[in-house]
Amino acid sequence: MKIRNLSEQNSVLHQFMSELRAVDVQTDRMRFRKNIERIGTLLAFEISKSLEYVPNTVLTPLGEKHSFRLAKPVVIASILRAGIPLHAGLLDVFDQAESGFISAYRAYSEDHGSFEIKVEYQAIPDLNNKILILADPMLATGRSLLACCEKLLEEMKPAELHIAAVIAAPEGIDYLQKHLPENTTLWIGEIDEALNAQNYIVPGLGDAGDLAFGPKL
Ligand code: URA
């Protein structure tokens, strides 16, 4: 698996990241969602540089211009619910992409000590021979992401798999590295220190789904 950490280069990403993490800014849910969306557009632009293009001639009012277009169709699939704002940002760049949604959640044991990943809902277009971008803003253990990947790849074979994450923990990266095909690329905004006992990313930002959409029961 190839890993591309966007924060290795200075860019406006630092500013969006700082706002996302800051407790006093997080109270503004609209800004929180918007910052994830903006990071989605930056991730999408970086992904776009790695894709294949074919020649494409366009007619302008004054003549012909030889240009390029994407060689393969793109599908953006997001893990509900925190993936929604990231999905919107990716879709802003790949505006012709088809969309897919899949739900995964941690089903905790009664003592809250362990959990299993449940994948329960999916609405996914045909992925065969397309560029699949899977959006999951917080790559923590990597277990829900892998469960979703396995479900999506059960019967379909995309040409390329790209994973887009805003923040990743080293544990999640290692886990994906062990389990995902070699030709996968993981695009990350920033890599944090570690997971805590509850498998939240530290320092991270908290619960991305709750911060974007409000607390759940
Ligand atoms: N999901 C989140 O929203 N935050 C984390 O820190 C880990 C998973």
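Mentor: Keep in mind that this is a predicted model.
Trainee: Okay. Where does Asn5 sit?
Mentor: Asn5 is in strand β1, which covers residues 2-5.
Trainee: Is Asn5 buried or exposed?
Mentor: Buried. Its relative accessibility is 16%, and the cut-off for buried is under 20%.
Trainee: Which side chain does Asn5 make a polar contact with?
Mentor: Ser7. The two side chains are joined by a polar contact of 2.9 Å.
Trainee: Which residues line the second largest pocket?
Mentor: Asn5 is one of them.
Trainee: Which element gives the largest share of its lining?
Mentor: Helix α3, with three residues. Both β1 and α3 supply at least two.
Trainee: How does the lining split by class?
Mentor: Five nonpolar, four polar and two charged residues.
Trainee: Let's stay on α3. How far apart are its end C-alpha atoms?
Mentor: They are 32 Å apart. That agrees with expectation, because 22 residues at 1.5 Å a residue should span 32 Å.
Trainee: What caps the N-terminal end of α3?
Mentor: Asp28. One of its side-chain oxygens lies 3.2 Å from the backbone nitrogen of Met30.
Trainee: Which α3 residues are buried?
Mentor: Phe32, Asn35, Ile36, Glu37, Ile39, Gly40, Leu43, Ala44, Ile47 and Ser48.
Trainee: Why look at the spacing in a list like that?
Mentor: An α-helix has 3.6 residues a turn, so residues three or four places apart point the same way.
Trainee: Switching topic. How much space lies in the largest pocket?
Mentor: About 780 Å³. Of the 30 residues that line this pocket, Ala104, Arg106, Tyr200, Asp207 and Lys216 are closest to its centre.
Trainee: Which element gives the most to that lining?
Mentor: Strand β5, with four residues. Elements supplying at least two residues include β4 (74-80), β6 (115-123) and α5 (143-153).
Trainee: And how many residues of each class are in the lining of the largest pocket?
Mentor: The lining has 16 nonpolar, eight polar and six charged residues.

Terms used
Residues are numbered from 1 along each chain as its sequence is written. This is a predicted model: local features need pLDDT of at least 70, side-chain atom pairs count only at pLDDT 80 or more; totals for chains, interfaces and linings use all residues. Side-chain values use heavy atoms; hydrogens and water are left out. Buried means under 20% relative accessible area, exposed over 50%, partly exposed in between (1.4 Å probe, protein chains only). A polar contact is a pair of N or O atoms within 3.5 Å; within protein, one must be able to donate a hydrogen and the other to accept it, and residues adjacent in sequence count only if both atoms are side-chain atoms. On a 1 Å grid over the protein atoms alone, a cavity is a set of points where a 1.4 Å probe fits but cannot get out, and a pocket is an open set with protein on both sides within 12 Å along at least five of seven lines; lining residues have an atom within 4 Å of a point. Grid points are joined across faces, edges and corners, and a volume is the space filled by probe spheres set on the points. Ala, Val, Leu, Ile, Met, Phe, Trp, Tyr, Cys and Pro count as nonpolar, Asp, Glu, Lys and Arg as charged, and the others, Gly among them, as polar. The expected span of a helix is 1.5 Å times one less than its number of residues.
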